[in-house]
Each structure stands twice: as C-alpha cells, then as structure tokens.
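These notebook entries record what I looked up, one topic at a time. I begin with strand pairing and then turn to helices and cores.

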Amino acid sequence: MSNESGREIPKSIYGYGKTTCYAGPFSTIPTGEKVSVRNACSFPGQQKKLGSVKEAIQRVNLKDGMAISFHHHLRNGDEVMNLVLNEIAELGIKNITIHVSSLSSAHEPLIEHIRNGVVTDISTSGLRGTLGKLQSKENILGRPVVFRTHGGRARAIEEGNIKIDVAFIAAACCDDMGNMNGIEGPSAFGAMGYPIVDAQYADSVVAITDNLQPFPIWNISIPMTLVDYVVEVDNIGDSNKIASGATRVTNNPTDLLIAENAAKVLIALGCIKNGFSFQAGSGGPSLAVCKFLRSYMEKNEIVGSFAAGGVTGYLVDMLRDGLFKVLLDTQTFDARAVRSLKENANHVEMSASMYANPHNKSCTAHQLDVMILSATEIDESFNLNSITGSTGMIMGALGGAPDTAAGSKITVVVAPTMRKRIPIVVEKVTNIATPGETIDILVTERGICVNPRRMELRKKLNETDLEVLSIQELRKNVEKLTGKPEKIKYTDEIVGVIEYRDGTVLDLIYRVDE
C-alpha cells in the first residue's frame, strides 16, 4: 500500500510488526489513554547508592529480552552506554532492546554487542559512522532499526509503543537520593530533555554520575521521586566532544553565503519582527543563520519571544543581549550554552515531550514562527532526507526536524546544491525524513526555491532582488555541473523503518546491494 508521500509500505514488517501508513502531518488523531506507571514506596533511611553498574543491573533484575534506554546529550563524548552494555555482556544477558535518543561514532562498541547477541533491537533518532554503514550493508541487527523523531520518541514512550524496563541516565550532577541535573560538574552537558520522559515512564531508573553530591542538590532536572538507584563512576564521558560536527557554526564561505541569503529571505517575508519565535537545527549553515539575523534585529531594535531546540552559544549571546526573551532548551550544543542554562533564569530546560510531542495538549514546536533546517538531499516535491546519504548508507538523524517543520509557520531548508560534486537537489530523495508538504522554502548558493504549496511566499520574494527559481530548474542547473546521480541498487531486505512523529510509517530503508 502507498502512503501519503507515495512510498510503498507493506502491511507488516519482520522485526517491526503491523504498520500504519503516514497520512499527512496532522491526519492521525490519537485515541485512548497514555500509559500508567508502576506504583512504588520508600522508607525512612532508605539508601539508593550502589557500589557499581553491575550491582545496579542485578538489583533492577535485568533479564534476557528486556528493554533499556539511554540519552545522547554527551554526544560524541558519551561513555555511559558503552559502560552499561559491557557490564550486561559480562553478566551473560542477551536479546536486549535499546531505546536511545540518538547514536554516534562514540557508540561503535555497540557493534560487538550486536554481533554477540547482547543487543538485538534498536530504536533511535540517528545512526552514524561504522554502525550506520554496517546496518546499511550487512543488516547486522538482523531486523530494521526504528527511527523516531525527538517528539515521536517521547510520544511513543507516553503512549506505550516504547516500553522501557530500565532507564540508565547519565547525570553530570546527582545527589545520593537521585536528584540530578546536567549542568554541574566536570562532565556538564546541559539540558536533560530526553531522559526526563524516560524517567517518568520506565519501570526502573538508574542514575549514573561522576559528580555525586550530598542530598539535596538544588538544581533538579529529574527528581528523586523517579529514581531507584544511584551509581558513582569515574567518568560519564567527555563534555568537550558535545560541540562537534553538526553542532558547530560553519566558517565555510559557501555555507555562510547560504545562511546570509536565508536571513534575507526571512527579513523580506516580514518574519523577523517583535515577538517572533525561532529555531535553527543542527548543521553549519543552519546554525549560521543566527549570525546574520542578529545584526538586523539590533539595527531595528527587534526582540524575539523565544528561541528553542538545540541551544548554541550564538543563541545564548542573543538572550544575554536582550534579542530574545527566553531560550527553551531540550539539548545543549556547547559549553557556553551549558553555563547559560545554569546561570540565566530565562534559559529554560524542557522535556522532549514539551518540545515536540504531537500528542500533547500543546508543544513548543507548534509555537514556532521560523524553523531553519539542513539536509543531505531535497527533492522536487520538497521531501527532505537527513538520514541516508547519496550512497544509500545510513549516516544521519531525524532529530527534531519533522517535528518542527510540521509545527513552524515558515520552514526554511538551507543547503549547498552539491557536496563533492554530488547533487543535493535531486528528482527523488533516497529516503524521506521530513515530508515535503511541511517544507516551505529551499535556500542554496545558486538560488531560492519556494514550495508550490506556498505561492504567496513566492509572490513576496519575487518583489525583491533575491533570485527565485523553481526547484526543477535548480535541479537541472546543478545536474549540468554534476551529471545525473546513479541509482542505488538495493536488496528487498528492510534495514530501517522511518516513523513519522505520530507513529505512522513514512519510509523504509533497504539494504544496499554492493
């Protein structure tokens, strides 16, 4: 059967189960109730501190076939997942499902645990490095990885689509009763937006920290009321590796030109005005748009209401200098932003559910006026690919892009037209991560394209000196330079299921046939 984006989706998928087709960004309305959590009790004098991760695994009675969760706020510096999985492997526990907010090259030791049968199922927002390549080429997991957005992961937990037996939560600071935060200590990483939801719904919660403090700490992101055990370790990771890759503002001249043009588009459309709200996703050109908006806001004395999402030092400076009233932060992208979250009361931590869960009574993503996204591919229907490369290999993430694209009044994609002579603008994307009907404008170094669904925006831009052309024209212009990309050969083996934020199936990733 064909879904709303034109992708063929089988009624059932091995390792995933029965499917529900994507029907449009707000077409699937939830019914029923959110899941309840198991009751608990505590006693005076009760101690939660344990001697080791191994003891914690034994105390929560982790068994074959159970599901555990992790968060990735330490990004490329994370050590906690590897530490826990090594202990699980030593205890001989097998057939574990991992629900992680995202995976990076720091998690490549996971490969060995997959090959040994310790880990047999994964859901995540992203899969990068060797792990992504092996799943794409070999299907090392033997079943599809389920990709969910940040809002979709929170929704799935709350609705019971994800059942977490044990949540292992890295804490930059934790007291001996389990109150924790991410902003204090040698491994401070900032907001704890993802595990807030895990802690609320997991059967058991284990806090792992390298900064154990006496009860009580006073900055509390996740309270002791949700925590079963506390473990002190030497090191939860390297917070210096948070700001790497996609979270760094670019110095590339082409990327800066694209970012400047995107700022001009937003200004021309009248989006940058008092009270506007804003988010820039990860990726160099996307983050660099902030740099160009700043001078316009200062010159015209414009103050935005809030900026959201992954927070960088650029946004922190704009908050400090009065250009935004509030930052809403679910994931912190650099050390300056970590300090700001600790020191500035207007820099507010939020859960992934408050950020982008579409099945809440409201979420921040739906309050956005402007969203800036990056992409590895965009096609003539404005479908966006941020998860697989032009070779078909899994290499990226959904993140919060589908959530914010659906919620924002204007969604702008910033991308170069080619990378290493590989075209970014294509006839049909390898995989759909964000549906084209939620994308409004593409800004490149060779011109600007407006989704035909938003012709009122094109009419406004035609009145400026910005170069606007159809996405078909842009693709043909680029292909004159790069040639037409060769089609990727696939087997019929499904190695990834891309869920839309509402839990429907948006696209499938097939095994690359080499």
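Predicted model: local features only at pLDDT ≥ 70, side-chain atom pairs only at ≥ 80, totals over all residues.

Entry 1, strands. I looked up strand 19 (residues 377-379) and found that strand 19 and strand 20 pair in the antiparallel sense over 2 bridges; two strands count as paired if DSSP finds at least two bridges between them. Strands are DSSP runs of E with at least two residues, helices are runs of H or I with at least four, and both are numbered from the N terminus. I noted that I378 stands opposite L384 in strand 20. The open sheet here has 3 strands in the order 20-19-24, with mixed pairing. Strand 20 (384-385) and strand 24 (425-426) are at the edges with a single partner strand each, so one side of each has no neighbour in the sheet.

Residues are numbered from 1 along each chain as its sequence is written, and side-chain values use heavy atoms, with hydrogens and water left out.

I then examined its packing: helix 5 (residues 150-159) and helix 6 (residues 193-201) have axes 10 Å apart at an angle of about 5°. The two helices are therefore roughly parallel (angles under 35 degrees). In contact (heavy atoms within 4.5 Å) are H150, R153, A154, I157 and E158 of helix 5 with Y194, V197, D198 and Y201 of helix 6.

I found helix 9 (residues 313-320) and helix 10 (residues 335-343) packed at about 40°, with axes 8 Å apart. G313, Y314, V316, D317 and L319 of helix 9 meet R336, A337 and S340 of helix 10.

Which residues touch the most other members of the largest nonpolar core? I found I68, I88 and I98, out of 83 residues. A nonpolar core is a set of buried Ala, Val, Leu, Ile, Met, Phe, Trp, Tyr and Cys residues joined through side-chain atoms within 4.5 Å. Strand 8 (residues 166-171) gives this core its largest share, 6 residues. I also noted a second, separate core of 43 residues, including A263, L266, L287 and V316.

Note on methods. Axes fitted to C-alpha atoms, helices over the stretch in contact; angles between N-to-C directions. Parallel < 35°, antiparallel > 145°, perpendicular 65-115°, else oblique. Buried < 20%, exposed > 50% of the residue type's maximum accessible area, 1.4 Å probe, protein only.
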